[in-house]
Amino acid sequence: MAGGSIPSRRLTVLSGPSGVGKSTVVAEIRRAHPQVWLSVSVTTRAPRPGEIHGVHYFFADDAEFDRLIDEDQLLEWAEFAGNRYGTPRRAVLEHLAAGVPALLEIDLQGARQVRASMREARLVFLAPPSWEELVRRLVGRGTEPPDVVERRLATARAELAAEKEFDLTLVNTSVKDVCRDLISLLAVHPSDD
Ligand code: 5GP
């Protein structure tokens, strides 16, 4: 399938700083809007309690992930907190080719790769309601050592600066509002009239 013929304007990428609540938004979309097609990523991290292979992630070992990279089966991939995560290319392209909107929830490194390879994709930045709120979420219960906290905050500052690379920003004041806005975005595309 030629990449150039894929209508990538139907591809929406949700990204943003870590701790901003991307996975909560996606969990709510799964629950309230099961008709939305969400890409299922491959990851080398271990499943968390309740996570189902093929639903939340495809869990793979390092050798399997290496094979997917070698065979060019990933649309993008990145290393995050010591594990690798990637988007299987074929499922995304098949949905787009069939005219079905596709939603990816990935980190910033991945969003940049999608921008580079699929120019028409819509990149949505999920922003925290305020810097203080992001700090509160990242610092959590305050049980982390100060150097860990400082590293997280430095990363968060750099991640927030990525907002200008995105097509639009949704502020995560309420999970329900963000989901509603995302759902309406998925239904409308710049070249649809
Ligand atoms: P978690 O381990 O908490 O599920 O995810 C950690 C981070 O990996 C989150 O920022 C999430 O957006 C990101 N992520 C999940 N799947 C993918 C993927 O396929 N590609 C990239 N680049 N990041 C991903």
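Predicted model: local features only at pLDDT ≥ 70, side-chain atom pairs only at ≥ 80, totals over all residues.

Reader: How many nonpolar, polar and charged residues does the contact of α1 with α7 have?

Author: The contact joins residues such as V25 and I29 in α1 to residues including L182 in α7. Sorted by class, its residues are seven nonpolar, one polar and three charged.

Reader: Is α1 roughly perpendicular or roughly parallel to α7?

Author: The two axes come within 9 Å and cross at roughly 65°. The crossing is right-handed. Angles of 65 to 115 degrees count as roughly perpendicular, and therefore α1 is, relative to α7, roughly perpendicular.

Reader: At what angle do the axes of α5 and α6 cross?

Author: Residues W131, L134, V135, L138 and V139 of α5 meet a set in α6 that includes V149, L153 and L160. α5 passes α6 in a right-handed crossing. The axes come within 10 Å, and their crossing angle is roughly 140°.

Reader: Which residues touch the most other members of the largest nonpolar core?

Author: This core has 20 residues, and the elements giving two or more of them are β1, α3, β7, α4 and β8. L11, for example, is in contact with V92, L104, V114 and M118, among others. The residues touching the most other members are L11, V13, V92, L104, V114, M118 and F166.

Methods
Residues numbered from 1 in each chain as written. Heavy atoms only, no water. Core = buried A, V, L, I, M, F, W, Y, C linked by side-chain atoms within 4.5 Å. Buried < 20%, exposed > 50% of the residue type's maximum accessible area, 1.4 Å probe, protein only. Helix = DSSP H or I, 4+ residues; strand = E, 2+ residues; numbered from the N terminus. Contact = heavy atoms within 4.5 Å. Axes fitted to C-alpha atoms, helices over the stretch in contact; angles between N-to-C directions. Left-handed = near helix turned anticlockwise from the far one by under 90°. Parallel < 35°, antiparallel > 145°, perpendicular 65-115°, else oblique. Nonpolar A, V, L, I, M, F, W, Y, C, P; charged D, E, K, R; others polar. Lists of a residue's contacts leave out its neighbours within four places in sequence.
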